Amino acid sequence: MVDALQAAAEPPRGPAALHALLAHPLVKAALPGPAFLLFGPILYLVFRKTWARIDLDARRERAATMAEGAFDARPAVAAFVAAFGLTLQEYYGGAATYFAHLHPRVVGYSVRYPWLRPALFAELYNYVFWSASRVFVYVILPFTVWKIAFPRDSLLDMGLRPRGLRQHAWVYLACLALVAPCVLLVARQPDFGAYYPFYRQASRSWLDFIAWELLYFAQFVGLEIFFRGFWLAVLRRQAGSAAIFSMVVPYCMIHYGKPYLEANGAVLAGVVLGTLAMKTRSIYAGLGVHLAVALGMDVAVLASRGGLPRAWVPW
């Protein structure tokens with residue numbers, strides 16, 4: 001009994017001590033500051049030449065536009081589309097809209113199509129709507145507006161060409177190697193463990209887990225197209241490398257509500273992925289990193305609490 005009390009009184013050591021330290025509110029609140037001070041100069045040293053080349057190209061293109069005496073309306077149109085779309089997503093792209101307006105319809109259809117099983121998959125259907133709403137805001141809305149406003153522009157130039165994928169793959173693999181240990185570390189933090197996976201029934205069966213990950217991946221595809229494709233391609237000509245840092249602000253803000261450290265980490269991740277996307281003019285390798293991290297986080301969190309699925313179907 002005495003030994004047990006002494007063991008309980010001893011401070012945690014090793015990984016447990018690190019997790020306890022990171023969980024302290026003051027440490028967690030202050031941690032992004034030193035991280036930005038550490039990684040900011042590193043990003044500058046690694047990417048300064050890339051940023052300078054992007055700025056040089058932008059100056060040349062702006063000079064050509066000014067010589068013609070023309071006004072490029074693309075940044076203004078992109079700003080209005082982004083502001084409207086992200087606001088629409090925030091107010092009408094969530095569970096409140098689904099359960100108030102769409103779920104009653106699913107329940108009604110289940111009388112005719114009993115395989116819908118709305119009671120069993122209510123939360124999953126909510127995430128079908130959640131994923132679809134993001135694909136609409138990130139891809140369908142901006143691309144539709146763009147083809148109407150600028151019909152001569154090619155949508156493939158929005159980072160959708162696979163050029164240079166093999167040549168720069170090693171950079172993304174290095175990024176993934178750096179991020180993977182962080183995923184394993186934070187997966188055991190209480191806020192991450194309580195937040196991931198979004199779909200609470202993901203551990204119920206492999207059907208639930210796979211269906212959820214496909215929906216999760218779909219919205220990540222849309223997200224990368226919007227932030228690393230559309231946003232950077234449109235602002236590249238007028239803003240140069242500043243397009244990357246302007247993109248990082250709303251990209252960080254869409255992480256509000258997620259764990260605090262992740263929202264701050266999105267700033268660094270946004271700069272790295274944005275720079276590489278502008279350098280390669282392609283989103284695909286960055287998308288692969290994003291998907292791998294997202295899947296790894298869900299698996300790591302479930303594994304840490306013994307929650308990986310054990311059945312193939314939930315019935």
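Trainee: Which helices each supply at least two residues of the lining of the largest pocket?
Mentor: Helix 2 (15-23), helix 4 (32-67), helix 8 (169-186), helix 10, helix 12 (260-280) and helix 13 (284-304). This is a predicted model, where local features need pLDDT of at least 70, side-chain atom pairs count only at pLDDT 80 or more, and totals for chains, interfaces and linings use all residues. Residues are numbered from 1 along each chain as its sequence is written, and side-chain values use heavy atoms, without hydrogens and water.

Trainee: What makes a residue part of the lining?
Mentor: It needs an atom within 4 Å of a pocket point; on a 1 Å grid over the protein atoms alone, a pocket is an open set with protein on both sides within 12 Å along at least five of seven lines. For the largest pocket, 46 residues line it, and V179, C182, G265, L268 and A269 lie nearest its centre. Helix 12 brings the largest share, eleven residues.

Trainee: How many residues line the second largest pocket?
Mentor: That one is lined by 25 residues, with Q89, E90, R134, I254 and Y256 nearest its centre. Helix 7 gives the most, five residues.

Trainee: Where does helix 10 bend?
Mentor: At L232, by about 40 degrees, the angle between axes fitted to the seven residues ending there and the seven starting there. After helix 10 comes G240, with a positive phi near 65 degrees.

Notes:
Helices (H or I, at least four residues) and strands (E, at least two) are DSSP runs, numbered from the N terminus. On a 1 Å grid over the protein atoms alone, a cavity is a set of points where a 1.4 Å probe fits but cannot get out, and a pocket is an open set with protein on both sides within 12 Å along at least five of seven lines; lining residues have an atom within 4 Å of a point.
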